[in-house]
Amino acid sequence: MNAAVLRRIDAVVPAHPNELDCRRIERALRSRQRYRYVSPNVAGVAGGYLIQSPCCSRNIDAEGGVIEIALLHYDGASATWHLLRKDHERGVWMLHSTHQRLTSVTDVLNVDPERVFWQ
């Protein structure tokens, strides 16, 4: 047998986070309707991305510090994106919605009609 066939690398590289999608999210968030004058931070976390931003309304943080806005998690088994919002009172993440495409997730974040993300 060919030695190259026998040597298999079983290292699985996770699809997310990656630099390309991180930049895509950052670019998409420039079109948001709320708190356009602050610069959110998009950071890669295990299986997705964490979005943080200064708290301009001071509803969550009276000092105006950086708060967690949203968590985007990619589920490889179902090939879907889970968009989670932060319940700041209880300090837990809650599932908001599930999407087939990353652009659908950023569309929801940009509009946010219920003000559950950009508070």
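Q: Leaving aside neighbours within four places in sequence, with which residues is H16 in contact?
A: This is a predicted model. Beyond its neighbours within four places, H16 is in contact with D21, G47, G48, Y49, Y74 and W81. With Y49 there is also a polar contact, side chain to side chain, at 2.9 Å.

Q: What is the form of the peptide bond from H16 to P17?
A: For a peptide bond, the angle to read is omega. From H16 to P17 the bond is cis, and omega is near 10°. P17, like H16, is found in the loop between α1 and α2.

Q: How many helices and strands does the protein chain have, and how do they run?
A: The elements are followed from the N terminus on. There are three helices and five strands in the protein chain, and the order is α-α-β-β-β-β-β-α. As for contacts with a separation of 6 or more, 39% of them in the protein chain are between residues 24 or more positions apart.

Q: Where in the protein chain is confidence lowest, and where is it highest?
A: Confidence is read from the pLDDT, which runs from 0 to 100. The average for the protein chain is 86, and 85% of the residues score at least 70. Helix α1 (residues 3-6) has the lowest confidence, with a mean of 53, while strand β5 (residues 92-99) has the highest, at 97.

Q: Which members of the largest nonpolar core touch the most other members?
A: The general idea is that in soluble globular proteins nonpolar side chains tend to be buried together. Here the largest nonpolar core has 21 residues, of which I25, I51, A70, L72, L109 and F117 touch the most other members. Two or more residues each come from α2 (19-28), β2 (48-54), β3 (66-75), β4 (80-87) and α3 (102-111). The element that gives the most is β3, with four residues. In the protein chain as a whole, 34% of the 119 residues are buried.

Q: Which residues does I25 touch, not counting those up to four places away in sequence?
A: With those set aside, I25 touches V42, Y49, I51, L72, L102 and T106. Of these, I51 and L72 are, like I25, among the core residues that touch the most other members.

Q: How many aromatic pairs does a search of the whole structure find?
A: The search finds three aromatic pairs. One of them joins Y35 and Y37 edge-to-face, with 6.1 Å centre to centre and 85° between the planes. Y35 is buried, at a relative accessible area of 16%, whereas Y37 is exposed, at 64%. Elsewhere, ring pairs link Y49, Y74 and W81 into a cluster. These three residues are also among the contacts of H16.

Q: What sits over the ring of W118?
A: A ring may also be read together with a charge. In this case the charged end of R32 sits over the ring of W118, 4.9 Å from the centre of that ring.

Q: With which residues is T98 in contact, and where is T98 placed?
A: T98 is in strand β5 and is partly exposed, with a relative accessible area of 42%. Apart from neighbours within four places, T98 is in contact with T80, W81 and H82. The side chains of T98 and H82 make a polar contact of 3.3 Å. T98 and L83, 15 residues apart in sequence, are 6.1 Å apart in space, C-alpha to C-alpha.

Q: What is phi for A79 and for D112?
A: A79, a residue other than glycine, has a positive phi near 55°. A79 lies in the loop between β3 and β4 and is partly exposed, with a relative accessible area of 33%. D112 is likewise not a glycine, and its phi is positive, about 45°. D112 is found in the segment after α3 and is buried, with a relative accessible area of 2%.

Key: Residues numbered from 1 in each chain as written. Predicted model: local features only at pLDDT ≥ 70, side-chain atom pairs only at ≥ 80, totals over all residues. Heavy atoms only, no water. Core = buried A, V, L, I, M, F, W, Y, C linked by side-chain atoms within 4.5 Å. Buried < 20%, exposed > 50% of the residue type's maximum accessible area, 1.4 Å probe, protein only. Contact = heavy atoms within 4.5 Å. Phe/Tyr/Trp six-rings, centres within 6.5 Å; stacked < 30°, edge-to-face > 60°. Lys NZ or Arg CZ within 6 Å of the ring centre and 35° of its normal. pLDDT = per-residue confidence, 0-100. Polar contact = N/O pair within 3.5 Å; in protein donor to acceptor, adjacent residues only side chain to side chain.
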